[in-house]
Amino acid sequence: MSHAPASPGDITGSVREARVEELVGRRLCDVDGRKIGRIGEIVAERRDTGWVVVEVHVGPGALLERLVELSTLVPVLGALPRLRKRYRVPWQQLDLTDPDRPRAFVRHTDLKRLDA
Amino acid sequence: MQLLLVRDVLDNQLVDASGKNAGKVDGIILELREGQPPCVRYVEVGPITLTRRLNRRLGRWFARLDARFGSGRGVPIRFPLTRITFEEPSLRIDVLVEHTPIMALEQWLRRTIVRRIPGS
Amino acid sequence: MKRWFGVALGIVTSIGGFLEIGSITTAAQAGADYRYQLAWSIVLGTICIALLIEMSGRFAAVSKHTIADAMRERFGLHFFMVPLVLVFFVSLLVLAAEIGGVAVSIELVTGIHYPLWALPAALLAWALLWYGTFSIIENGISLLGLVTVSFAVAAVHLGPDWHALASGLAPSLPSKEPAHYWFIAVSVLGASVSPYLFYFYSSGAIEEKWDVTHLGPNRVIAAIGMGFGGFLSVAVLVVAALVFAPRGIKVEEYTQLPLLLSAPWGRVGFGLFAGSLFITCLGATAEIALALAYKIAQGFGWNWGEDLGPSDDARFSLTYTLILLVSMLLVLVGIDPLKLTTLSMALTAASLPVAILPFLILMNDSKYLGEHTNGWLGNLAILVISVLSGIVAVVSIPLEIIGGS
């Protein structure tokens, strides 16, 4: 267990940090500055050195996701589930130099879709 | 093995080595490294991280307030992710929570108020 | 054998615990103003709460999470805070109304004005929580609450128009004053479908270590227990229709309520009413304070449990202590318990969509419930009732206030 000062993207010694709870919900823009969506999930994998981030999932944002979920309970609003466009962004394509303004290194048309 | 940090870690319940509730995962810290994938280093627990999520200024104010309660206070409580085992319905840390600052408020309330009420 | 005893106990405590000042007052107003015409709103509210209670128990037994705990986990902090804050403030008003109910019941017997009883009432509820266990509160109080069966006896004794009652069980348009009609209808719904109930119930299921073997008994308890409880509410409505309506009495003062049982049975009836009000409101006070403390403790991951001593869960215990203190102040300053009751019931109905819809999403999440997720019929019923009641409440509350009732 350890204590640490609490600021994201701060350089603590030579260590730069970002906070998952602050990344989630942030708008992700592509290399042209166009909005892709909002970061909804961050996927990690176990390696020898510990857990590392392999990709993030980007989607329409939490409120809209909740409305889509409600609409699927009783399928009367067929259009809503189609709002569920979600993308995978592998860590190599992610630019977290400024965690408050995350960007992708590629155009959103080059991103892989996540199956809804 | 994959871990979904938002679904399976953030805001999930932590229990300590004895099964006692140890709070919720209020924050997760990533270490950003040049040319390498970000490393998931720590989970953070406690009201400083919690209030910060609601409002950064509120979090800083709360940290200053907490710092008045002794040395080592006023900063969030972190646990390395490697010390956590993932078992439904909670996440287990391999420490006893009574020995951590997580229980500071609980212990203070117990001492100053609860124990003074007869029959407690 | 033990399992069936538990079921019987669960049914009995559901019946005994169903009525409280909200359901008594709203049913009395419905009967006084519209005779049997609003009986359908009690039926609808009862069906809704029975479904929600069953879901709540099922959720806890299968997922081993309480609802509040799972809400934070599934929706994250910000989406958790919205229903938390809303349900908290509305439930605080309901809690004040229940403390008021206890205080009024003592005033009826002693003649001493109710605000003076606010502190003793809150203190009594607090002592039950601080020194008691979950079983004592759930079972003890609710068993005593069976005194409310006297409303059913009174209803039959007074000889209602069964045909008119049967017609009232089906929804109908108002015979007069439509804004007031719908306001009473949503107040009745708010009295039956109180969100604190399913937070309480799922926490209780975890305290009692339920698992999948409890699913069958859970269904029976929810259906029969809530069903009979709703039947008692209808009984109050019937008695009001026979006691107040013919005399042209509108229920506007809490001092009128004892007439429900004193009209047929004189002083014995008066005593039965005071006793019923005391026990049911005391039980509800303990339940609501616990439910709110559960919600906060579980949302923030603290140690919690009525079966733990206060030394083991200081934050949890002091949370319900503070909640009781704040609610008690509303009664102490002399806010009229009847007005507080009616308003808090209507506000509960208005808040139902925000309180229930996140829960509904959880009930359809197989990560928590595996193969025990909701069927489409249960989803549809809850969706329709909660959204409709929310809309109707939001429209009718301002109209009622403007109408000067």
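This is a predicted model: local features need pLDDT of at least 70, side-chain atom pairs count only at pLDDT 80 or more; totals for chains, interfaces and linings use all residues.
**View 1. Chain A from end to end.** Chain A holds two helices and 10 strands. Walk along its sequence and you get β-β-β-α-β-β-β-α-β-β-β-β. Of its 116 residues, 29% are buried. Among the chain A contacts with a separation of 6 or more, 45% join residues 24 or more positions apart.

**View 2. Where chain A meets chain B.** This contact draws 27 residues from chain A and 33 residues from chain B. On the chain A side, at least two residues each come from β1 (2-3), β3 (15-19), α1 (20-23), β5 (35-47) and β6 (50-59). β5(A) is the top contributor to that side, giving six residues. Sorted by type, the chain A residues that touch chain B come out as 17 nonpolar, three polar and seven charged.

**View 3. Strands pairing across the two chains.** Here β3(A) lines up with strand β4 (residues 27-33) of chain B, antiparallel, through four bridges. For one of the partners, look at A:R16, whose bridge partner in β4(B) is B:L32.

View 4. Chain A averages a pLDDT of 80, with 77% of its residues at 70 or more. Element by element, α1(A) has the highest mean, 94, while strand β2 (residues 11-12) of chain A has the lowest, 49. Over residues 3-11 of chain A, pLDDT stays under 50, and the model has 29 contacts beyond four places in sequence for that stretch.

Conventions
Residues are numbered from 1 along each chain as its sequence is written. Chains are lettered from A and ligands numbered from 1 in the order in which they are written. Two residues are in contact if their C-beta atoms, placed from the backbone, lie within 7 Å. Ala, Val, Leu, Ile, Met, Phe, Trp, Tyr, Cys and Pro count as nonpolar, Asp, Glu, Lys and Arg as charged, and the others, Gly among them, as polar. Two strands pair if DSSP finds at least two bridges between them. pLDDT is the predictor's confidence in each residue, from 0 to 100. A residue is buried if 20 or more other C-beta atoms lie within 10 Å of its own, exposed if 12 or fewer, and partly exposed in between; C-beta atoms are placed from the backbone.
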